[in-house]
Structures are given as structure tokens and as C-alpha cells.
Amino acid sequence: MNSKIIRYLSRLQLISKRKLNAASVVPKSTIVNTPSHDRQIVTSPNTIGVIWAEKLTSIYHNVWLRDHCQCEECLHPLTKQRLVHPSNIPQDIKSTAIEQSEQGLTIHWNHPTHTSFYEWSWLHRHSYNPRLQTTLLPQKELWNYDIQHNLPTVEYQAVMNSDDGVAEWTSKIYRYGFCFVDGVPASSEETEKLLSRIAFIRTTHFGGFWNFTSNLAKADLAYTTAAIEAHTDTSYFTDPVGLQMLHLLKFDGEGGKTLLIDGFRAAQILREEDPAAYKILSTVRVPSHTVGDEDTFIQPTTPSPILGHNISTGQLEQIRWNNGHRSVADQWDNPDNVTGFYDAMRKWNEILTRKDSELWIQLQPGRPLIFDNWRTLHGRSAFSGCRQMCGGYINRDDYMSRLRLTNLGREEILKRLF
Ligand SMILES: [Zn+2]
């Protein structure tokens with residue numbers, strides 16, 4: 001039997017063994033004192049509140065609590081899929097008795113009769129009024145060009161041989177927005193296998209895992225030797241690519257340094273120096289497109305702002321900045337923003353091009369770079385000669401899945417999320 005189920009069953013036994021107090025209807029706004037647990041319960045007709053040791057009070061609606069019952073009749077223990085339909089929960093459902101233990105809170109419901117148990121840690125983690133805990137992820141560390149003295153790096157063998165290596169890799173990518181891998185064979189096949197350690201490679205109109213050679217002898221590739229200013233890739237997708245890997249396999253020429261910029265740091269500076277510009281870049285939706293190929297006409301279903309924020313937390317979560325791919329801007333929620341938008345883009349560009357924003361690196365064979373395309377802008381200087389590169393994209397959600405699984409473990413995630 002799966003250890004998760006064993007833990008689940010032992011918890012059920014724990015509940016059934018717990019002596020249930022004689023059912024007593026909790027009257028309006030009653031405080032149930034339990035000094036031994038250092039928590040208090042406050043009830044009203046339709047809510048139950050928990051006053052935590054830190055003196056914060058979380059209020060939970062009865063209907064929400066009943067909807068989030070975790071017994072196996074209500075939530076499938078393996079798939080974590082809901083088994084109770086909200087239509088079967090009365091809006092004015094009442095608790096008939098509430099009991100506390102060291103482990104958590106047991107609530108007896110009326111109409112229909114049911115008993116639910118919630119661990120204290122679960123209640124604290126999922127408190128929504130107020131929200132008490134927001135993230136299980138590593139802290140992001142903003143950087144400027146000083147990071148050149150301490151570049152985030154992991155070892156190829158560690159990544160290929162264990163999920164702990166992948167945990168370190170994905171964690172550094174999350175923390176810094178980029179990471180190098182040392183000791184990689186300078187071959188396209190081995191680089192593809194390396195990238196696949198995070199997740200399957202995202203196929204786009206550029207193909208799957210790509211190889212490209214620029215060669216001055218070929219006139220149609222001439223433009224690929226030109227400088228490219230800092231940008232994010234695929235800003236024209238509804239879901240821009242999450243990670244990008246670049247591995248320089250061969251280079252005999254001059255120039256062609258890679259530019260990286262911490263877009264989150266640039267955004268923070270913009271917010272401090274020009275809050276109005278920050279607001280405009282966070283709200284004005286920028287239409288974009290890619291239409292260069294005969295068989296490609298891509299535009300996002302809804303245009304997004306340059307600075308994208310998480311709707312729940314308000315935190316900055318995505319930079320979309322690719323000036324070349326901006327479309328005709330003929331849809332404005334507020335046409336008064338037009339001049340302010342151009343001012344804001346100039347200010348944004350001025351911050352991005354400050355010397356201390358820019359990390360310039362010469363890529364090397366055997367040392368691929370991977371970066372978070374939702375945070376780190378990239379570009380390159382002009383070059384001469386022949387440059388052979390390979391690389392690929394990974395979806396944001398697939399990368400985050402691997403990050404969570406390798407760093408926290410499946411059991412821990414399930415425990416914390418459900
Ligand atoms: Zn239940």
C-alpha cells in the first residue's frame with residue numbers, strides 16, 4: 001500500500017478514536033477557550049474563526065469549510081479530485097459541534113449530517129481572510145552586473161545523475177533567473193538530453209530543439225550577425241515560453257557576447273523612480289505578433305502589458321518586452337495614456353541600458369546557459385565569423401512543476417496544497 005494511503009488511513013483512525021464531545025450547538029459569537037493549544041475558536045452563524053497564537057484571526061465560511069472537507073467521501077485520497085458538488089451544500093450550513101485537539105479542528109455539520117477534520121497547519125496555510133502564507137518557492141534575488149563574479153552554476157553530472165541535481169538547478173534558475181551548467185559535452189544531442197531533464201521541450205514555429213549556424217557566406221543569414229537588443233522571446237504568445245537554453249557549440253570569430261538583464265530588478269527601479277510609468281507599463285495592453293513565415297500568423301488572444309502581475313497576489317510575475325514584435329497600437333482603454341506610454345517605454349529602456357543593469361558574457365562550448373524568459377531579458381552584440389548554437393524552450397508550467405517536485409517532493413506538495 002502506498003505510504004500516502006497508510007498515512008491517510010492512520011489519520012482517519014486518529015479521528016475516529018478521538019472521543020467526540022457531546023454534541024452541543026455553538027451559540028452565536030462564542031469563544032471556545034483552549035489554552036493548552038494556544039488557539040481560540042470564534043463562531044458566528046455562518047463562519048468559524050481561529051485566533052492564532054500570533055493573535056491574528058482567520059475567518060472561514062461554513063460553506064467553504066464544508067466544501068473543503070478532506071475525508072475520503074469528499075476528496076479522493078489519491079487523485080485529490082472533489083467528490084462533493086457545491087449544489088449539495090446548503091448555503092446556510094451550520095456546525096452542531098466543534099472540537100479541538102493538538103492535531104486540528106473537528107466540525108460536525110447539520111443537513112446533511114457530516115463530520116470534517118482540518119489540521120491546524122492546513123487551516124493556517126489556507127487562511128484566506130486574511131491570507132497568511134503565500135508561497136512555498138525560493139526567494140528571488142535581484143542582481144546587477146556584479147553577479148559576474150559569482151555566476152549561478154551547477155555541474156552537468158549532478159543534473160544528469162540525480163533529481164537532487166535538478167532541484168539545485170531549477171532552484172537557482174528560479175532564484176536568479178538564469179544559471180550555467182558546467183562540464184556539458186559540446187554536442188547538440190547531449191544538450192537536448194540535458195534540457196529534457198527539466199521537462200519536455202516545447203515545440204514552436206521555430207521547431208523543437210534547434211540548431212543554427214550563422215555563416216557569412218550565406219547572404220540570407222547575414223542579419224544574424226547583427227547586434228540584438230535586450231528582449232524576451234515569444235512575447236506574442238498567450239503563454240510565452242518559460243525557459244530558454246542556449247549552448248554555443250563552436251565559434252571562430254569576434255564579438256557575439258551574450259547580454260543578460262534582470263528584468264525584475266529593472267522593474268523595481270522603475271517603480272521607485274517613476275511610479276506613474278510603472279503603472280502605465282503594468283496596465284496598457286501591448287498588441288504583438290509574429291508573421292514573418294509564410295505559414296505563421298501568431299497573435300495572443302488578449303494582448304498583455306509589458307509588466308505582468310499575478311492577479312491574486314499583485315506580485316510582478318512576467319516581463320514581455322520585445323519592441324520589434326509590437327503591433328499597431330489601435331486599442332486603448334484610455335487614449336489619454338498614449339503619450340505617457342511612450343514616456344514610460346523611454347524610461348524603461350533607459351533603465352535597461354544602464355551599465356550596471358547589463359551582464360555581458362561570452363558563451364563557451366561545454367557551458368550552456370539557461371534563463372527564465374519571464375524575468376531575464378537577453379540580447380547579444382554583433383559578431384563576425386561562424387557561430388554554431390543549439391538550444392530550446394521549456395513551458396513555464398512544466399518547469400515550475402519540476403521545480404516544486406524536485407525541491408519539495410510529491411508527498412509534501414500534496415500535503416500542503418490539499
Ligand atoms: Zn467529508
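**Reading a sheet, its cores and a zinc site**

Tutor: Let's start with the open sheet of six strands, ordered β8-β9-β17-β12-β19-β10 with mixed pairing. This is a predicted model, where local features need pLDDT of at least 70 and side-chain atom pairs count only at pLDDT 80 or more, while totals for chains, interfaces and linings use all residues. Residues are numbered from 1 along each chain as its sequence is written, and side-chain values use heavy atoms, with hydrogens and water left out.

Student: Which strands are the edge strands of this sheet?

Tutor: Strands of a sheet pair through backbone hydrogen bonds, either parallel or antiparallel. Here, two strands pair if DSSP finds at least two bridges between them; strands (E, at least two residues) and helices (H or I, at least four) are DSSP runs, numbered from the N terminus. The edges are β8 (153-155) and β10 (210-214), each pairing on one side only. Strand β8 runs parallel to β9 (residues 178-182), joined by three bridges, and T153 stands opposite F180 in β9.

Student: Which strands does helix α5 lie across?

Tutor: Helix α5 (residues 163-176) lies across β8, β9, β12 (243-252) and β17 (369-372), at about 145° to β9. Such angles run from 0 to 180 degrees between N-to-C directions of lines fitted to C-alpha atoms, for helices over the stretch in contact; contact means heavy atoms within 4.5 Å.

Student: Which residues have the most contacts inside the largest nonpolar core?

Tutor: In soluble globular proteins, nonpolar side chains tend to be buried together. A core here is a set of buried Ala, Val, Leu, Ile, Met, Phe, Trp, Tyr and Cys residues joined through side-chain atoms within 4.5 Å. Buried means under 20% relative accessible area, exposed over 50%, and partly exposed in between (1.4 Å probe, protein chains only). The largest core has 26 residues, and L281, I306, L307 and W348 have the most contacts inside it. Helix α9 gives the most, with six residues.

Student: What coordinates the zinc ion?

Tutor: Donors are N, O and S atoms within 2.8 Å of the metal (3.2 Å for Na, K and Ca); water is not among the atoms, so sites may look incomplete. The zinc ion has C69 (SG), C71 (SG), C74 (SG) and H114 (NE2), at 2.0 to 2.3 Å. Along the chain, these donors follow the spacing C-x1-C-x2-C-x39-H.

Student: Is C69 buried or exposed?

Tutor: C69 counts as buried because its relative accessibility is 2%. C71 is also buried, at 16%.
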